[in-house]
Amino acid sequence: MASKVGLSDADLKDFHVSKHPLILHKLSILRDVNTEPKRFREVVDEITSLLCYEATADLPVHTITVKTPLTDTECQEIDARIGLVPILRSGMGMLNAMLKMIPSAQVWHIGLYRDHRTLQPVTYYNKLPDQTTVDMCLVLDPMLATGGSAVATIDILKHWGARQIKFLGLIASPEGVQTLRQAHPDIQVYVAALDSHLNELGYIVPGLGDAGDRQYGTI
Ligand code: URA
């Protein structure tokens, strides 16, 4: 059965679009062309915290014993080495919220820019060590537009040896979802919204414009 934006059930497998009212409300602030960079950054941070909560609901835990002021008790602690992978530059806006929630996470930056002529991703920063140092990578990029940067980053992480990878973004286009799904059907995707389409310049419509420019005031 095809969805209203032309995505198949296979495309939509493990693809989570938040329905949380707080996320929906905050998204309207991000989309508003009049939202200033300071407020925009704050709201990116807030939505990311909520997405982090949704995307990490199935993290493995193990039991530990904790001494309360009254007695010993069994508690749970996260049982995975987590790598946060912000795609430069706009993924940086999602990083602090993730680090607040998962302070022990490692951060591995990947620098990709989109060639404005071909719309293809070009890697300009990758300092991953030879061997993987994490069990799970959470890739951070606000806009899943053509899907090119997400696919290229996940290619890099799989080549590095990352076994479990999730993608967290603010807004996805149907084209981006399809591209990502075809290249990497095994990863889970968490976004705040699935929009209508990409325009001829590769921007998501209705979208929010350029997430990097909106965060950093470089329009
Ligand atoms: N990147 C953005 O920042 N915005 C879009 O709409 C598409 C790609």
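User: Which backbone nitrogen does the side chain of Asp 195 reach?

Analyst: The model is predicted. In it, Asp 195 is placed in the loop between strand 11 (188-194) and strand 12 (197-198). At 2.8 Å, its side chain reaches the backbone nitrogen of Gly 207.

User: Is Asp 195 buried or exposed?

Analyst: Buried means under 20% relative accessible area. Because the relative accessibility of Asp 195 is 5%, the residue counts as buried.

User: The side chain of which residue is joined to that of Asp 195 by a polar contact?

Analyst: A polar contact requires a pair of N or O atoms within 3.5 Å. Here the contact spans 2.7 Å, and the side chain joined to that of Asp 195 belongs to Arg 31.

User: How many residues apart are Trp 108 and Trp 160?

Analyst: A search of the whole structure finds two aromatic pairs. Trp 108 and Trp 160 form an edge-to-face pair, with 5.7 Å centre to centre and 65° between the planes. Trp 108 lies in the loop between strand 5 (106-107) and strand 6 (110-114), and Trp 160 in helix 5 (residues 148-160), so the pair links distant parts of the chain; the separation is 52 residues.

User: Why is the pair of Tyr 113 and Tyr 124 classed as it is?

Analyst: Planes under 30 degrees apart count as stacked and over 60 as edge-to-face. The ring centres of Tyr 113 and Tyr 124 are 6.1 Å apart and their planes lie at 35°, so the pair is tilted.

How values were computed: Residues are numbered from 1 along each chain as its sequence is written. This is a predicted model: local features need pLDDT of at least 70, side-chain atom pairs count only at pLDDT 80 or more; totals for chains, interfaces and linings use all residues. Side-chain values use heavy atoms; hydrogens and water are left out. Rings of Phe, Tyr and Trp (its six-membered ring) pair if their centres lie within 6.5 Å; planes under 30 degrees apart count as stacked, over 60 as edge-to-face and the rest as tilted. Helices (H or I, at least four residues) and strands (E, at least two) are DSSP runs, numbered from the N terminus. Buried means under 20% relative accessible area, exposed over 50%, partly exposed in between (1.4 Å probe, protein chains only). A polar contact is a pair of N or O atoms within 3.5 Å; within protein, one must be able to donate a hydrogen and the other to accept it, and residues adjacent in sequence count only if both atoms are side-chain atoms.
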